[in-house]
Amino acid sequence: MCGIVGYVGSRQAAPIMLDGLKRLEYRGYDSAGIVVCSGEGLTLCKTKGYVDHLSDMVCNGDALRGTVGLGHTRWATHGRPSDENAHPHLSDGGKIAVVHNGIIENYAQLREMLVAKGVTFRSETDTEVAVNLISYFYKGDLLKAVAEAALRLEGSYALGILCEDCPDMIVAVRKESPLILGIGRGENFLASDVTALIPHTRDVIYMEDGEIATLTKDEVRVYSRDLVEIKKETARVEWDISAAEKGGYEHFMFKEIMEQPEAIRKTVSPRLRGGRVQIEGLDFTPEYLKSLKKIYLVGCGSAYHVGVVAKYNMEKMLRIPVETALASEFRYSSPLVDERTLVICISQSGETADTIAAMREAKRLGAKVLSIVNVMGSTIANESDYCVYTWAGPEIAVATTKAYSTQLAVTYLLTLYFAELLGVIPDDEYKKLVEALSELPEKVDEILKNKEHIQYLASLYFNKDNIFFIGRNIDYALTLEASLKLKEISYIHSDAYAAGELKHGTISLIEDGTLVIAMASYVRLLEKTISNIVEVRSRGAEILTLTTKSAEAQVSRVSDHVIAIPDAEEMVLPSLAVVPMQLFAYYVALSRGCSIDKPRNLAKSVTVE
Ligand code: F6R
């Protein structure tokens, strides 16, 4: 949600920042801008639209000379996408420039105070308040002015700041929005995400809430809120640049779908040692697990959908009540959480504002929080009591695929880990499931090899206006994800329904030619799902059914088309069933000419409420 880049060194800053912004564009893409600082002051260019447009305006960076700069790609919150509202923003008088990710919640009061002091505003953004507040406190020491302003800013912010009086320095400050410092040789960097830093350096410092940093070409210093210098550890990013590039694929989403076997393997295999699940950093005891009254699974969007699958699996195996909650609802619902509750927060980015708030609320109420996170060093990873990383590598496409799959895989590992500790799983059953887990990458690969069949099905149905997904049990959990994937990138309206629920109202929407996609991988309830298929079919629906190879013949009799996935243990079936649905959404969106990696109105990491 908004991408920030900053550079200070000896090279021309603008081309470096444009490249960084392209890499961060998945975070927001309604407008973009850069500012560079040379001996002659600040030069700024910003525009509504994609980074490519900005790049053309500044001749790929050649038109802006200067070796220190800041760049921004925006996802609008305060103020519509426009040239004026695009970042960077200048202080009244033009001495200071700021790029911002987050929301300044008390901007209205601050603006009123600044207007009363004679400050003129040019945009509708909350960011302009931040830059003018810094300018208000600026008496020749930029670091001090930023610290003073930060004390008065409420809400969330990652800010990059340049001042024409100190043309060799960037100041940065963060609160509840990510900001990472990249350490180079004779040059240093700033970015919202390591994907923008990785072409230049793998040595990074993760800024934490309340910290303020100064960057010159020769050094990076980090300070606490009250300007006491802090010694920070430098971390090394393990993955290389190819992980964050398209590598010959037309879209990141397709590349990430194809990377799933490897991502699942990397997530699972280091945690299966000697036929047993062993998860680094987890030291749960049987006594603690037996003391639990409840497990909560909390997340947003697809991460929440992972929780819905995990609820079915965990509750069935552990016999502990498991609840799922949307993070945005959890925090305001007075949840019944205490020290006898384990809260599992699921988040790819580790920076989703609602999930962060839910995590903090759960901790405040006394629960232990275990997080499942993909981005190292992110807020949720840092603040939770336990963190199990997914090793999916960077996920760039806005619509999640490999992060979802690796999150699912971690929930299976946790289910088995808890079941063994609780002594609720017979050994042969445990062994069977461990084997099923280790076979997952191969089986996902097998599905991907048949992608042309899904492409063919997409070519039949891409013109539909409405699509219904139905399923029972874990298949119902999957319909939520399948439907979200389709609508977010193809803009086709779709709904996900528990198959038995349709006749309680929604069946009135079924008419001749309505496409119903039935998820029927959970063979235990196959007969029931077939009855629901027949109900909609007899009302004119076209039926596309997803099932397992062993049930293919049976569902073919009631379906127009069938997608058959390899047979597998019930627990892990969702990892197989989701893949054709990701491909279906992708190919449908492709046929409709949609902007697949950057769907309209969306951004990858939702760092505002
Ligand atoms: C959908 C999608 C979103 C995210 C949600 C949570 O394809 O990607 O629904 O799953 O915004 O994001 P994270 O996992 O970063 O907390």
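Predicted model: local features only at pLDDT ≥ 70, side-chain atom pairs only at ≥ 80, totals over all residues.
Local features need pLDDT of at least 70, side-chain atom pairs count only at pLDDT 80 or more, and totals for chains, interfaces and linings use all residues. Residues are numbered from 1 along each chain as its sequence is written, and side-chain values use heavy atoms, with hydrogens and water left out.

**Ligand shell**

- The ligand is surrounded by 14 residues, where near means a heavy atom within 4 Å.
- The closest are S347, Q348, S349, T352 and E488.
- By class, five shell residues are nonpolar, seven are polar and two are charged. Charged means Asp, Glu, Lys and Arg; nonpolar means Ala, Val, Leu, Ile, Met, Phe, Trp, Tyr, Cys and Pro; the others, Gly among them, are polar.
- Helix 9 (301-318) and helix 16 (474-490) each give the shell at least two residues. Helices (H or I, at least four residues) and strands (E, at least two) are DSSP runs, numbered from the N terminus.

**Polar contacts and cover**

- A polar contact is a pair of N or O atoms within 3.5 Å.
- An N or O atom in the S349 side chain is 2.7 Å from a ligand oxygen.
- For K485, a polar side-chain atom lies 2.8 Å from an oxygen atom of the ligand.
- V398 uses a polar backbone atom, 3.3 Å from a ligand oxygen.
- On its own the ligand has 410 Å² of accessible area, and the protein covers 89% of it (Shrake-Rupley method, 1.4 Å probe).

**Domains**

- The chain is divided into domain 1 (3-237), domain 2 (247-446) and domain 3 (451-591). These bounds come from an automatic or database domain assignment.
- Domain 2 and domain 3 each supply at least three residues of the ligand shell.
- The C-alpha centres of domain 1 and domain 3 are 46 Å apart.

**Backbone features**

- H87 and P88 are joined by a cis peptide bond, with omega about 0°. P88 sits in the loop between strand 4 (68-74) and strand 5 (89-90).
- S334 is not glycine, yet its phi is positive, near 45°. S334 lies in the loop between helix 10 (327-330) and strand 20 (341-347).

Conventions:
Polar contact = N/O pair within 3.5 Å; in protein donor to acceptor, adjacent residues only side chain to side chain.
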